[in-house]
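Reader: I have the sequence and the coordinates open, and I would like to know how the labels were reached. Could you take me through a few of them?

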Amino acid sequence: MPYASNDGVSLYYETEGDGEAVLCCGDVGLGAWQWGWQHAALAGPYEVIVADTRGCGRSDDPPEDCTVETLAEDAVAVLRDHGVRSAHVVGAGLGGMVALELARTTGRVRSLTLLGTALAGDGYDPEPMFAPPTDEAALRTSMEAVFSREFVDEQADAISQFVEWRAAEDADRQSWERQATALDAFAVEAPYEITEPALVVHGTDDRLCPVDRGRELAEDLPNAELFEVAGAGHLVGVEASKVVNDRLGTFLESA
């Protein structure tokens with residue numbers, strides 16, 4: 001099982017597939033389970049790289065505070081450890097901000113796909129998404145914040161499975177707060193400098209990062225297109241995986 005290292009912090013990652021690399025960067029406090037749908041759709045024509053964010057899953061949980069810049073350095077460490085020079089980067093929420101930072105500061109980004117992402121931390125309130133991994137009832141309740149009400153009502157079995165995965169992989173409160181603080185402090189000052197092809201994906205029922213933030217992001221990036229998913233909540237890549245994956249596949253082919 002591969003581990004990369006950034007300044008002594010051990011970072012677990014997995015890869016599958018062949019072809020151009022696709023690196024997935026996760027949302028605040030969520031384990032790698034959040035990428036199961038994109039992983040299944042892309043592995044094969046692409047090599048999908050999914051890492052546990054520091055503080056989640058099998059990666060280290062260092063006591064120090066972190067920043068989006070630190071998380072971007074973690075992503076570079078994973079790419080370097082796997083011998084990948086550049087990748088298409090798919091990021092959700094906080095991971096979308098990490099993707100933007102990678103594009104802004106490195107030459108390693110071939111394209112950007114940004115799900116439920118804002119240009120600055122003040123555009124996204126992740127607090128309702130948190131639940132202690134040891135509290136099954138709280139994990140279940142928090143699902144009402146990240147999915148549309150329709151999805152929660154109609155997908156009871158799926159919600160139960162998500163609760164199990166979150167209990168096994170998500171960050172505890174302390175690690176979650178470090179990631180949330182990194183998000184809160186982040187802002188892209190000059191989005192016009194990020195010229196890589198970008199696909200901005202946003203659910204219109206996202207109550208944590210409102211769809212207007214996605215519209216602003218797509219408008220301010222010079223080479224971006226917006227894909228709104230009607231009725232979907234914040235975890236749009238999970239809730240509306242089929243339509244998102246279809247659009248993502250088309251985008252990656254063109255990029």
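Reader: Which residues does Leu-112 touch, not counting those up to four places away in sequence?
Author: This is a predicted model. In it, Leu-112 touches Val-89, Ala-99, Leu-100, Ala-103, Ile-194, Pro-197, Ala-198, Leu-199 and Phe-251. Leu-112 itself is found in strand 6 (residues 109-115).

Reader: Why does Leu-112 count as buried?
Author: Buried means under 20% relative accessible area. Leu-112 has 0% relative accessibility, so the label buried applies.

Reader: What makes the pair of Trp-37 and Trp-165 edge-to-face?
Author: Happy to show you! Ring planes over 60 degrees apart count as edge-to-face, provided the centres lie within 6.5 Å. Trp-37 and Trp-165 are 6.0 Å apart centre to centre, with 70° between the planes, so the pair is edge-to-face. Trp-37 lies in helix 1 and Trp-165 in helix 6, so the pair ties together parts 128 residues apart in sequence.

Reader: Why is the pair of Phe-130 and Trp-176 called tilted?
Author: Stacked needs planes under 30 degrees apart and edge-to-face over 60, with the rest tilted. Phe-130 and Trp-176 have 50° between the planes, so their pair is tilted. Their centres are 5.2 Å apart.

Reader: And how do you know whether Trp-176 is buried or exposed?
Author: With the cut-off for buried at under 20%, Trp-176 is buried because its relative accessible area is 4%.

Reader: What makes you say that a charge sits over the ring of Phe-130?
Author: The distance rule asks for CZ of Arg within 6 Å of the ring centre. The charged end of Arg-173 sits over that ring, 4.5 Å from its centre.

Terms used
Residues are numbered from 1 along each chain as its sequence is written. This is a predicted model: local features need pLDDT of at least 70, side-chain atom pairs count only at pLDDT 80 or more; totals for chains, interfaces and linings use all residues. Side-chain values use heavy atoms; hydrogens and water are left out. Helices (H or I, at least four residues) and strands (E, at least two) are DSSP runs, numbered from the N terminus. Buried means under 20% relative accessible area, exposed over 50%, partly exposed in between (1.4 Å probe, protein chains only). Contact means heavy atoms within 4.5 Å. A charge sits over a ring if NZ of Lys or CZ of Arg is within 6 Å of the ring centre and within 35 degrees of the ring normal.
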